[in-house]
Amino acid sequence: CKLSDAVREAVALGLTETDPAEDLSFEHAARSLMVLARELGMGGKDECDRERILAESEPLIVPREGGNLNEILDKLDERMAERVRDAASRGRVPRQVSSIDVGTGAIAARIVDVPHSHIFAVTPPGNECVRFFTERHRRYPLVVGGPSAGVDSTSSALLAELINLMRSKVGPKSGTLSRTDSSAVLS
């Protein structure tokens, strides 16, 4: 499958921004990362600036580079086909990976080659997969995934809700922990 075909299919399924160039240039990712970073308490204007995030990222196309989208996609087809072949020769697949490091303040989006068995490789199209590395989850991150495209679901809304829920549960050490054989519930 060529990148241009995948983009056209994603557009038809409503999985992209109105202008798919916003996805290919990581403009949308930068805006989402900015919202998420602020939700994580990284409120400094310079720290969460969209332009700074884009400068640290490695988009498929230069933001607002102009030109006909079909021409841009045709140019990307060969470049991405080579990238996919190279990754496959090493047992990997390219995936867009966005990251926020609260400790260092690093925020960026990149295309990264991940192993075929990696959670990012097996996450279905139109879904997000978020890994939280915390003090408790250093070696094995907490993984949250689900739909991220369409009218009813966006990554920023999903994560903002999750973070707010976590804050309400992690606040003062009170409540009741109920355990069963396979799970625990804090109420």
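Guide: In helix H3, the buried residues are Glu27, Ala29, Ala30, Ser32, Leu33, Met34, Leu36 and Ala37. "Buried" means under 20% relative accessible area, "exposed" means over 50%, and "partly exposed" is in between, using a 1.4 Å probe and protein chains only. The helix names come from DSSP runs numbered from the N terminus: helices are H or I with at least four residues, and strands are E with at least two. Before going on, keep in mind that this is a predicted model, where local features need pLDDT of at least 70, side-chain atom pairs count only at pLDDT 80 or more, and totals for chains, interfaces and linings use all residues. Also, residues are numbered from 1 along each chain as its sequence is written, and side-chain values use heavy atoms, with hydrogens and water left out.

Back to H3: it covers residues 27–39, which is 13 residues, and spans 19 Å from its first C-alpha to its last. That is close to the 18 Å expected at 1.5 Å a residue, where the expected span is 1.5 Å times one less than the number of residues.

Now look at both ends. Phenylalanine 26 has a relative accessible area of 1%, so it is buried. Its phi is near 65°, a positive value in a residue other than glycine. For background, most residues other than glycine have a negative phi. Just after H3, glycine 41 has a positive phi too, of about 90°.

Let's step out to the rest of the protein chain. It has 7 helices and 6 strands, and from the N terminus on they run α-α-α-α-α-β-β-α-β-β-α-β-β. Of its 187 residues, 31% are buried.

Helix H1 (residues 3–12) and helix H5 (residues 69–89) pack at an angle of about 130°, with their axes 7 Å apart. Axes here are lines fitted to C-alpha atoms, for helices over the stretch in contact, and angles run from 0 to 180 degrees between N-to-C directions. That angle makes H1 oblique to H5: under 35 degrees counts as roughly parallel, over 145 as roughly antiparallel, 65 to 115 as roughly perpendicular, and the rest as oblique. Where they meet, Leu3, Ser4, Val7 and Arg8 of H1 face Asn70, Leu73, Asp74, Leu76, Asp77 and Met80 of H5, with contact meaning heavy atoms within 4.5 Å.

Zoom in on serine 4, which belongs to H1. At 1% relative accessibility, serine 4 is buried, and it touches Leu73 and Asp77, leaving out residues up to four places away in sequence. Along H5, valine 84 is partly exposed at 40%. Valine 84 is 29 residues from aspartate 113 in sequence, but 8.7 Å from it in space, C-alpha to C-alpha.

Last stop: glycine 145 in strand S4 (residues 142–147). Glycine 145 is exposed at 55%, and among residues beyond four places in sequence it contacts Glu128 and Cys129. That cysteine 129 is buried, at 16%, while cysteine 1 is exposed, at 89%. A search of the whole structure finds 0 disulfides, a disulfide being a pair of cysteine sulfur atoms within 2.5 Å.
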